[in-house]
Amino acid sequence: MKTFDHSGKVFAVTGGYRGIGEAIVRRLAAEGAHVFATFNSQPERAAAIAAEIAAAGGQATFLQVNVADEEQVKGFIEAVTGQGGRIDGLVNNAGITKDGLIMRMSTEDWASVIDTNLSGVFYACKAAARPMMSQRSGRIVNIGSIVGLQGNAGQANYSSAKAGLVGLTKSLARELASRNVFVNCVAPGFVETDMTGKLTDEQKAAYFGNIPMKRGAQPDEIASVVSFFLAKESSYITGQILNVDGGLAM
């Protein structure tokens, strides 16, 4: 499916080997971009995705990166600009969950989620900002969540990290706009992925009962919004948080 034209563009996507990230990588490659994506496990899966994209005439390069490690993230962005010649867009998608009620949540589970889901985004934005500012063009899209706006019981760590992305997005939007670098955040609600596929029909029904559209999103429905924020069609938008949630967080 091709919606926006990203021919000749170079994009970096963290966590691009499954779920929403995989959908983003596949869509951007189909729209003409050379996509550099990270994975932290399942190298065979990443290789298979790259091969399928290549067979369809696209370009996707996967690199193993732990986004909680600043030096690895810096190296990833350097690889993108080195091999791609530039970096037109960065999508911060990589994230983990370690759910638990606050009384049972360990300090380690709190820290690991914050390190990956918030600090990892900071590392990537910091590394990508310099080449984008030098180019005087660039787009950054952070993948947040509606739980960062309204909270969720049992996800104090995850919700806090995603709430942090709201402040980070708006602050960077103010810092970088004068250099034609725009920063926005996509906040999905319930998305049908491998992770949510483990839920029972009863659990899904309970979730869907609170969603006006009475269903979850497909990963490509998130990817299409990301593609828009990376496209020339969004040239006067920055600092925005767009909920893609079927009307859940009105």
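**Helix α8**

I began with α8 and listed its buried residues (under 20% relative accessible area, with exposed over 50% and partly exposed in between, 1.4 Å probe, protein chains only): Pro219, Ile222, Ala223, Val225, Val226, Ser227, Phe229 and Leu230. Helices (H or I, at least four residues) and strands (E, at least two) are DSSP runs numbered from the N terminus. This is a predicted model, where local features need pLDDT of at least 70 and side-chain atom pairs count only at pLDDT 80 or more, while totals for chains, interfaces and linings use all residues. I number residues from 1 along each chain as its sequence is written, and side-chain values use heavy atoms, with hydrogens and water left out.

I then looked up what covers those buried residues, and the cover includes β1, α1 (19-30), β4, β5, β6 and β7. Helix α8 (residues 219-230) lies across β1, β4, β5, β6 (181-188) and β7, at about 165° to β6; axes are lines fitted to C-alpha atoms, for helices over the stretch in contact (heavy atoms within 4.5 Å), and angles run from 0 to 180 degrees between N-to-C directions.

Next I traced the open sheet, whose seven strands pair in parallel in the order β3-β2-β1-β4-β5-β6-β7; a pair needs at least two DSSP bridges. Its edge strands, β3 (59-64) and β7 (241-244), each pair on one side only. Neighbouring strands are turned by 20° against each other on average, direction ignored.

I looked at β4 (residues 89-92) and β5 (residues 138-143) and found four bridges between these parallel strands. Leu90 has Ile140 as its bridge partner in β5.

**Asn117**

Which helix holds Asn117? I found Asn117 in α4 (residues 107-135), buried at a relative accessible area of 1%. Among the residues that Asn117 touches are Ala94, Gly95, Ile96 and Tyr158. A polar atom of the Asn117 side chain lies 2.9 Å from the backbone nitrogen of Ile96.

**Aromatic rings**

My search of the whole structure gave six aromatic pairs (rings of Phe, Tyr and Trp, its six-membered ring, with centres within 6.5 Å; planes under 30 degrees apart are stacked, over 60 edge-to-face, the rest tilted). Phe122 and Tyr123 form a tilted pair, 5.8 Å centre to centre with 55° between the planes. Phe122 is partly exposed at 41% relative accessibility, whereas Tyr123 is buried at 18%.

Terms used. Polar contact = N/O pair within 3.5 Å; in protein donor to acceptor, adjacent residues only side chain to side chain. Lists of a residue's contacts leave out its neighbours within four places in sequence.
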